[in-house]
Amino acid sequence: MDYGKLTLEELKKGYQFDKEKDAYVCIYCDQTFQEGQIFSIGGHFYVAEHAVAKHIAAEHESNFAQLVNSDTKYNTLTQNQRELMTLFYAGLTDGEIAKKSGISDSTVRRQRFTFREKAKQARLYLAIYEQVFEEHAENENAFIPIHDKAIYVDDRYLITEQEKRHILETSFKTLSPLVLKNFSPKEKKKIVILGKIAEEFDRGKHYSEKEVNEILKPVFEDYMTLRRYLVMYGFMERTKDGAEYWLTI
């Protein structure tokens, strides 16, 4: 999941509305619920938006559970903090939480206060950031988003929209169908190239190694190198035995 492409409200709900598809889409598995259709879930019938919410509760435990336990680098909560958040979410009193956690009531209250203060800081930071950067999102000097599973995050990811467009134009023979001229040893070019190639795969789908190879072969003759780097740079993950691959972005 690319957290940078989701609004705060979409993160809190666990789904977004895709205007092109005219459908609600689960942000965790991409399942779509077409507007205007009625869906049967657990013996009850729901309109699309209610159906996607029910789907998240049934298939993904809950949106809160997905967020608080996410292994993204953006989730900076410690394990203890995650557990406390879960207890707060369950609606327990400070005394009940203290008893379950083996800490004092005052410690629970102090932690609740700390969470609230951090939330205030985050809201102010977000407001400032959006004023500065998102109002100029079309600016060619704006940096492209860093995907959530990026490895080795450093200066190699400082790529502007203008740089990205130039790399795509000079690195590929054609973009449709996607055919790569050469796989550059330069790190910035690798990231842009791999990001474009990753678009050939579907989110939420698991591929065998053979299926991955069949998708990559038309793109570049050294498809094994592409496959390896897609994993190395966090665009894809695979099982330890290499039997299955899937997108992480």
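Which residue in β3 is the bridge partner of valine 25? Keep that in mind as you start the tour. The model you have open is predicted.

**Stop 1: the sheet.** Select β1, β2 and β3. They form an open sheet of 3 strands, in the order β1-β2-β3, with antiparallel pairing. Colour β1 (15-18) and β3 (32-34): these are the edge strands, and each pairs on one side only. On average, neighbouring strands here are turned by 25° against each other, direction ignored.

Now zoom in on β2, residues 23-26. Strand β2 runs antiparallel to β3, and 3 bridges join the two. Pick valine 25: its bridge partner in β3 is threonine 32.

**Stop 2**

**Stop 3: a helix pair.** Select α4 (79-89) and α5 (94-101). Their axes lie 10 Å apart, at an angle of about 140°. The crossing is right-handed. Show side chains next. From α4, Leu84, Leu87 and Phe88 meet Asp94, Ile97, Lys100 and Ser101 of α5. This contact holds 4 nonpolar, 1 polar and 2 charged residues.

**Stop 4: the largest nonpolar core.** This core has 28 residues; among those touching the most other members are Leu180, Phe183 and Phe201. Elements giving two or more residues to the core include α7 (161-171), α9 (209-216) and β10 (244-247). Helix α8 gives the most, with 6 residues.

Centre on phenylalanine 183. Beyond its neighbours within four places in sequence, its contacts include Ile193, Leu194, Phe220 and Tyr229.

**Last stop: a second core.** Select Tyr15, Tyr24, Tyr28 and Ala51. They are among the 14 residues of a second, separate core.

Key:
Residues are numbered from 1 along each chain as its sequence is written. This is a predicted model: local features need pLDDT of at least 70, side-chain atom pairs count only at pLDDT 80 or more; totals for chains, interfaces and linings use all residues. Side-chain values use heavy atoms; hydrogens and water are left out. Axes are lines fitted to C-alpha atoms, for helices over the stretch in contact, and angles run from 0 to 180 degrees between N-to-C directions. Helices (H or I, at least four residues) and strands (E, at least two) are DSSP runs, numbered from the N terminus. A crossing is left-handed if the near helix is turned anticlockwise from the far one by less than a right angle, and right-handed if clockwise. Contact means heavy atoms within 4.5 Å. Ala, Val, Leu, Ile, Met, Phe, Trp, Tyr, Cys and Pro count as nonpolar, Asp, Glu, Lys and Arg as charged, and the others, Gly among them, as polar. A nonpolar core is a set of buried Ala, Val, Leu, Ile, Met, Phe, Trp, Tyr and Cys residues joined through side-chain atoms within 4.5 Å. Buried means under 20% relative accessible area, exposed over 50%, partly exposed in between (1.4 Å probe, protein chains only). Two strands pair if DSSP finds at least two bridges between them.
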